[in-house]
Amino acid sequence: MTGSMQPVEIIATAAFGVEASVKWELSRLGYEAKATSPGRLSFNADPAAIVRSNLHLRAADRVLVVAGRFRAKDFDDLFAGVAAIDWRRWAPVGARVTPRVGIVRSPMRSPRSAQSVAKRAIVESLVGKGNTLDETGPEVVVDVSVLGEDVTVSLDSSGAGLHKRGYRQRAQAGQLKETLAAALVMICRWRRDQPLIDPFCGSGTIPIEAALLASNRAPGIGRAFAAEHWPWIGDSVWEQERCRASELVDDSGGAPIIASDINPQAVGLARQCAENAGVAHLVRFDLGDYRELETELANGWVITNPPYGVRVGEEKEANRIQKDLPAVLSRLPSFSHGLLLGGSDFEPIIGKSATRKRKLYNARIQCTLYQFAPSPDDSPAFSASANGHAMDQFRAALTKRARHFRKWPNQHGIHAFRAFDGDVLGLRISIDRLGESLRVEDKGDPGKTYSADKLNILREISGIASEVMGISPESVQRVHRSASSQRASDQIELVERGVYYEVRPAEMSGAGLELSLRELRAWVARRAKDARVLDLCARPGHASECTAAVASNMTAYCPDDLAQARLRRNLKINQAANTEVGVGDAVDVIDQIDDERFDLIVCVLGSDEASRVTPAFADLLQSCAEVLSPGGTALLAVPAGIAFDEGSMGEIGFPVKELTKSLTPDDFKNAMPWCIWACRGSLD
Ligand SMILES: C[S@@+](CC[C@H](N)C(=O)[O-])C[C@H]1O[C@@H](n2cnc3c(N)ncnc32)[C@H](O)[C@@H]1O
């Protein structure tokens, strides 16, 4: 043991493809390293460099200290070379010495034999032939690297690999090694003044490593190293270097780092890991499908590794994700992109050449890091010109409608109306103006996911609608009915003919005010004045609120608890205390009425309820008419498109009138979404 501060030769090892990043890191620490063999960067420095490298290197695997180099053709040469090293200088007294051997292109083929030869040589050198080494102390791993005839013997100063920062306690499928994540960020040359987004964050490794880099936090500051037991370095050096590393932390002035994932468990784990790493305050975590990715930020980086699909059953989804990537990334034209993907055939999918490519290994899987420079005029998959004609047509149609509806709403005291209903590029678009908000909805079939291409079209439609209708983009809500688009939405209060409604413009299941029932509401409100009213299928924003506002008393049955809760809130804001609200099935309720009589019965069936009743609508209306008081009226509305025998309406024993046309509002005349009948009572 020398205790001296003489320079030593240090080797930083690195995975294939990340050597240049480690070399750059070393140069920032003040060390000029050169690559001696693949994955090994060597430099000479005083022992404090061992400490500094271990604490600060982000992409390196280990830090080794060279004890000797020699040439060996066979095991005898190996024994002699290892035994000639001054092991008393390197190994602490009592150390448990464990050789670790790597052999490439050598006549010595067996690493196990090489390992026992090396061990024997070290023991003989320390205690002489035939003696036993006292190995009660800490372990010292001796790295014996054989490349052809060149042998390098080093001590592993790191202990556990440098990827073990200590912030990750639980594993998450597909997670990156921390060192590789840090390398990705450095290979992309991301800077802390640029926003960074990882939309497939998993356990958050990329954003966490980016945040550690941005804030100049030494990744190894919280963990232990093998060399902390080496007396020739000394405790004070570790203390000083740790202290210095803490002083270098700088949380100021970084751009946002955003991590999201579709899996709530992954997001939870990522947040926990960020907290462990002390960078939770530097990263924003979101739950969401990457297909919905959008940002107001500019000139940043998306650095991410989407699912590779190496596990059975996941390949299809991984392929779908890759196909959708170009359309998503085209929404961020000022961003650069660093995508770590399995294999090497992504360029044909994205339809353009990467600015740079780097072959890397994640665990044992060969991957490619594709880098794409910003492409403001060149969105790879979603070409504005391809959709240009359809969008022009849409703009013209909407402008015409907007002109038509410029005065009409004000003249009728209407603040909510349908501005557009039609097909645009395969989407079934409706645009509703709800006060100062717009709801732009694709009413196409609900599916598991909504493709990024479709979302891009919906975005473009929303942009045009915002311009034409003069509504600020923040007040335009895009809605589609895929499972992926469950999001919380703000609520507003809307008034229609003096009645208030709680409305959520972005709610997937409906905004809460059914615009197509506007005339029906006016009709029932006229008949409800001072009347006893029964609403058989009460939903918020259908007919109950305006009826309750004028009725002498009302009983309303909602189809479910959610409808009941929301209807109660609407009744409360309208101070309608005359209504009894419950949950019940329309047919059951009407069948159970005995002596009671009503002046007005309203039954507006939603699609679910209507499909349960069909085709017996005439029977339902007849049952309603039978419990009307003299002069009373029953009204039945059914969504258009539910099949039933229209002739049966003429066969019921009461005067029936179809009101579909007269109660369809002007803004829905093209669609006619409801079939509506009214019936007079038996004693009339
Ligand atoms: C290869 S892993 C990312 C691992 C991550 N870099 C880490 O170190 O933990 C891919 C991630 O993509 C997520 N994912 C899959 N489909 C997604 C989607 N449609 N939108 C967002 N994330 C998705 C998975 O939940 C998984 O966490």
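The model is predicted, so local features need pLDDT of at least 70 and side-chain atom pairs count only at pLDDT 80 or more, while totals for chains, interfaces and linings use all residues. Residues are numbered from 1 along each chain as its sequence is written, and side-chain values use heavy atoms, with hydrogens and water left out.

| Asp150 | Arg71 | 2.7 Å |

Helices (H or I, at least four residues) and strands (E, at least two) are DSSP runs, numbered from the N terminus. With buried meaning under 20% relative accessible area, exposed over 50% and partly exposed in between (1.4 Å probe, protein chains only), Asp150 is partly exposed at 40%, whereas Arg71 counts as exposed at 55%. Asp560, in the loop between β22 (553-558) and α17 (561-573), and Arg539, in the loop between β21 (532-535) and α16 (544-548), are 21 residues apart in sequence. Salt bridges that share partners also join Arg40, Arg62, Arg100, Asp143 and Asp156 into one network.

An open sheet is formed by 7 strands in the order β10-β9-β8-β11-β12-β14-β13, with mixed pairing, where two strands pair if DSSP finds at least two bridges between them. Because β10 and β13 (356-362) stand at the edges with a single partner strand each, one side of each is left without a neighbour in the sheet. From one strand to the next, the twist averages 20°. Within this sheet, β12 and β14 (residues 365-372) run antiparallel and are joined by 6 bridges, and Leu339 stands opposite Tyr370 in β14. Helix α9 packs on the sheet, touching β9 and β10, and its direction makes about 165° with that of β10; such angles run from 0 to 180 degrees between N-to-C directions, the axes being lines fitted to C-alpha atoms, for helices over the stretch in contact.

Helix α7 (residues 205-214) is mostly covered, with 10 of its 10 residues buried. Among the elements that cover these residues are α6 (178-187), β8 (196-198) and α9 (264-276), contact being taken as heavy atoms within 4.5 Å. Asn216, which follows α7, has a positive phi near 60°.

Arg331, in the loop between α10 (315-329) and β12 (336-342), is buried yet has no salt bridge, the nearest side chain of opposite charge being that of Glu294 at 5.8 Å. The side chain of Arg331 does reach the backbone oxygen of Ala452 at 3.3 Å. Leaving aside neighbours within four places in sequence, the contacts of Arg331 include Arg291, Leu455 and Asn456. Asn456 lies in helix α14 (residues 452-469) and counts as buried at 3% relative accessibility.

Strand β25 (residues 628-639) has 10 of its 12 residues buried, so it is largely enclosed by the rest of the structure. Strand β24 (residues 598-604) runs parallel to β25 and is joined to it by 6 bridges, whereas β27 (residues 674-680) runs antiparallel to β25, with 7 bridges between them.

Note on methods: Lys and Arg count as positive and Asp and Glu as negative; His and the chain ends are not counted. A salt bridge is a side-chain nitrogen of Lys or Arg within 4 Å of a carboxyl oxygen of Asp or Glu. A polar contact is a pair of N or O atoms within 3.5 Å; within protein, one must be able to donate a hydrogen and the other to accept it, and residues adjacent in sequence count only if both atoms are side-chain atoms.
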